[in-house]
Amino acid sequence: ESIDTLIKHLSLPKATWKDERCASMRFIARCYTNLDRFEEARMWLNKAIEEAPYLIDPYIEMALLEYRFSNWEKVEYYCALALEIKTHAKSYINEPFSWDHTPYDLLSLSYFYQEKYNLALESVDLALELNPKDERLLKNKQNTQVKTGENHESGHPIIHSVICNRTWSVHPFIQNRQENHLLYSFLTGTLFRSTSSNLLSWSRL
């Protein structure tokens, strides 16, 4: 039902704002992710990128999707594309996790598991600049330093990111802060309300 509603939005003659169309495509991808139909999720995220290549959000969501499957080269690729985008077009459609430590967090993990330890350390440092008290990031930095020789203490295995949450909302979706967000959608002319939960709540060891 959510997918049908979002596709209906995309078919509306007045649905021409690329930012909003991109968001609808991202939300469709989340629906398919919840259904474990990941190829369709990838297809819709690719459509979202094509629709609005100047927005950071679809690249980060694609990186998050590839993270689920430990496709580290693809995680690196999409994070790199995302981080080339410096303009933060502030609108109700923007995702907070696209502009916090998440891109550098993902990038550091992708580098680590490709054994690019110096780059992983640089990226986790950038993530910590944005979230300096995050214990997981601090531990990841410590364990990366072991690999680079900066920390000679025996480290634990790097903590696999807790970036993703397997129970993604279908629409609208913001899972980043423990607060409520109002999202105005023109799908049906209705005001949608989303109660967000902590995006960083799922640990895959």
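**Helix packing and a buried glutamate**

User: Which residues in α2 meet which residues in α4?

Analyst: Cys22, Arg26, Arg30 and Thr33 in α2 meet Asp57, Pro58, Glu61, Leu65 and Arg68 in α4. Contact means heavy atoms within 4.5 Å. The model is predicted, with residues numbered from 1 along each chain as its sequence is written. Local features need pLDDT of at least 70 and side-chain atom pairs 80 or more, while totals for chains, interfaces and linings use all residues; side-chain values use heavy atoms, without hydrogens or water.

User: What makes α7 and α8 roughly antiparallel?

Analyst: Helix α7 covers residues 117-130 and helix α8 residues 135-148. Their axes come within 9 Å and cross at roughly 155°. The angle is over the antiparallel cut-off, so the pair is roughly antiparallel. This crossing is left-handed as well.

User: Which residues of α7 and α8 make the contact?

Analyst: From α7, Tyr117, Asn118, Ala120, Leu121, Val124, Asp125, Ala127 and Leu128 take part. From α8 come Leu137, Leu138, Asn140, Lys141, Thr144, Gln145, Lys147 and Thr148. By class, the contact has eight nonpolar, five polar and three charged residues.

User: How do you know that Glu66 is buried?

Analyst: Its relative accessible area is 2%. Buried means under 20%, exposed over 50%, partly exposed in between (1.4 Å probe, protein chains only). Glu66 is therefore buried.

User: Where does Glu66 lie, and what does Glu66 touch?

Analyst: Glu66 lies in α4, residues 57-68. Leaving out residues up to four places away in sequence, Glu66 touches Arg42, Asn71, Lys74 and Val75.

User: How many helices and strands does the protein have?

Analyst: Eight helices and two strands. From the N terminus the order is α-α-α-α-α-α-α-α-β-β. Of the 205 residues, 53% count as buried. Among contacts with a separation of 6 or more, 59% join residues 24 or more positions apart.

Methods. Axes fitted to C-alpha atoms, helices over the stretch in contact; angles between N-to-C directions. Helix = DSSP H or I, 4+ residues; strand = E, 2+ residues; numbered from the N terminus. Parallel < 35°, antiparallel > 145°, perpendicular 65-115°, else oblique. Left-handed = near helix turned anticlockwise from the far one by under 90°. Nonpolar A, V, L, I, M, F, W, Y, C, P; charged D, E, K, R; others polar.
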